[in-house]
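Subject: Handing over a structure, with notes

Dear colleague,

I am passing on the structure that we talked about, and my notes follow it. Please read them with the structure open.

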Amino acid sequence: MDTQALKDSWHLVSRSGDQVPLYFYSVLFLMNPDVRDMFPVSMARQRDKLVGALGKVISNVDRIEEVVPVLQQLGRDHRKFAVNSTHYPAVGQALLATLEHFLGDRWTPALAHDWTQAYNLVAQVMIDAANDSSKVSPPWWEAEILSHEMRTLGIAVIRARLNYQYPFRPGQSASISYAMRPRVWRFYSFANAPRQDNTIDLHVRMVDGGVLSSALVMGARRGEMLRVGAAVGERLTLTADVQGDLLMIAGGTGLAPLKGLVEQIAYEGPTRRVDLVVGARHSRDLYDYEALAKMAAEHPWLNVVPVVSHDPFYRGTRGYAVDVALQGWRGQHVYVCGSEEMAQATVGRLLDAGVPTEQIHFDEFTSDKGRES
Ligand code: HEM
């Protein structure tokens with residue numbers, strides 16, 4: 001398989017921007033009207049989710065060994081859309097038709113053969129994982145909202161109870177949907193470690209134009225139901241190779257998965273010191289400070305440092321979380337979570353300051369597009 005040709009051709013196709021998903025979905029829905037119902041009612045903001053991912057994943061098929069675990073999670077997670085193995089050929093067909101349309105003369109039989117093989121390879125990993133998981137877990141879980149607290153104007157902390165046992169590790173996230181916005185799914189991190197009573201905490205920030213986040217923050221009420229997909233994500237979990245003290249840097253609701261890790265350490269019995277630096281633009285954005293201060297008072301191994309960047313009247317530490325964090329870096333592993341912008345800037349600063357790459361843990365997905373918190 002000529003993987004360079006796959007990459008080059010995808011690069012060419014992507015130059016047509018929004019026209020690409022527009023064409024893809026027209027072909028897909030025209031040829032398979034039954035799959036239309038799997039997608040959000042309004043596709044206006046959605047067009048890019050599947051098509052961009054398809055091109056990126058498939059044209060990087062030479063790294064398939066590396067991405068198998070991610071594809072398996074994706075395959076398992078696709079069960080929440082009611083996708084089954086019979087739908088894969090339809091998506092493959094629409095993808096090939098799209099490539100052919102945008103590549104014109106450059107679409108050769110050899111290229112068509114390679115794209116087909118690459119798609120089938122990726123699809124099979126997803127299908128196998130979905131089939132395996134269907135024997136042991138449901139396509140999604142239902143969760144009843146037990147409490148909904150508005151912490152600031154645009155941030156709500158929601159506690160919900162899952163209808164049955166839900167396996168996840170602290171630091172992971174799951175896609176969530178809410179009956180008021182049918183078929184719209186967005187990823188949120190759990191702000192807790194697994195609990196006996198099957199409850200989860202979500203920190204939801206209302207994002208400009210975010211259809212799900214605004215409904216969850218402004219509309220969701222106690223007693224209503226959420227749907228929760230299978231837990232995904234590895235990068236922010238505590239793996240066996242991460243030994244010793246930890247330094248955590250949170251921006252906004254990126255605090256959620258880091259709080260989950262702190263809970264895990266508390267449950268497991270503290271064997272390490274944790275410095276958690278929580279950054280916010282204004283003091284009013286420190287939406288979970290009370291809870292964090294309580295945890296710090298209970299656990300001597302936990303040090304919580306709130307840092308505010310854009311509030312000249314703030315009496316505590318002012319500046320950027322990463323600068324304050326670096327003052328306390330003594331060789332610990334560093335966990336980072338926040339908006340895409342914050343995570344990128346923070347990781348850049350850490351690298352510049354000499355923190356080794358393998359000691360920096362951040363989740364592109366957690367602080368990336370496709371998510372509303
Ligand atoms: C190789 C095959 C595939 C890959 C790599 C892939 C990848 C992805 C990714 C990364 C996303 C965004 C993450 C998410 O929202 O959970 C996504 C969304 C989605 N995929 Fe797939 N997918 C594949 C096949 C399929 C198939 C066969 C269907 C069924 C028709 C499907 C239906 C969907 C739907 C409904 C969404 C949500 C779209 C939205 O909300 O705008 N996918 N896919």
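On a 1 Å grid over the protein atoms alone, a pocket is an open set of points with protein on both sides within 12 Å along at least five of seven lines, whereas a cavity is a set where a 1.4 Å probe fits but cannot get out; lining residues have an atom within 4 Å of a point. Grid points are joined across faces, edges and corners, and a volume is the space filled by probe spheres set on the points.

This is a predicted model, in which local features need pLDDT of at least 70 and side-chain atom pairs count only at pLDDT 80 or more, while totals for chains, interfaces and linings use all residues. Residues are numbered from 1 along each chain as its sequence is written, and side-chain values use heavy atoms, with hydrogens and water left out.

The second largest pocket holds about 360 Å³ of space. Its lining has 18 residues, and Arg159, Asp201, Lys259, Glu263 and Ala291 lie nearest the centre. By class, 10 of the lining residues are charged, 5 nonpolar and 3 polar (Ala, Val, Leu, Ile, Met, Phe, Trp, Tyr, Cys and Pro count as nonpolar, Asp, Glu, Lys and Arg as charged, and the others, Gly among them, as polar). Because domain 2 (141-228) and domain 3 (246-362) both contribute to this lining, the second largest pocket lies between them; the domain bounds come from an automatic or database assignment.

The structure also holds 2 cavities of 30 Å³ or more, and the second largest cavity contains about 60 Å³ of space. Among the residues lining the second largest cavity are Gly252, Val278, Asp285 and Tyr289, and both β8 (274-280) and α9 (289-298) supply at least two residues of that lining. Helices (H or I, at least four residues) and strands (E, at least two) are DSSP runs, numbered from the N terminus.

Turning to the strands, 6 of them form an open antiparallel sheet in the order β4-β3-β6-β1-β2-β5, where two strands pair if DSSP finds at least two bridges between them. At the edges stand β4 (186-189) and β5 (199-205), each with a single partner strand, so one side of each has no neighbour in the sheet. Within the sheet, β3 (residues 173-178) and β6 (residues 225-228) run antiparallel and are joined by 3 bridges, with Ile176 opposite Val228 in β6.
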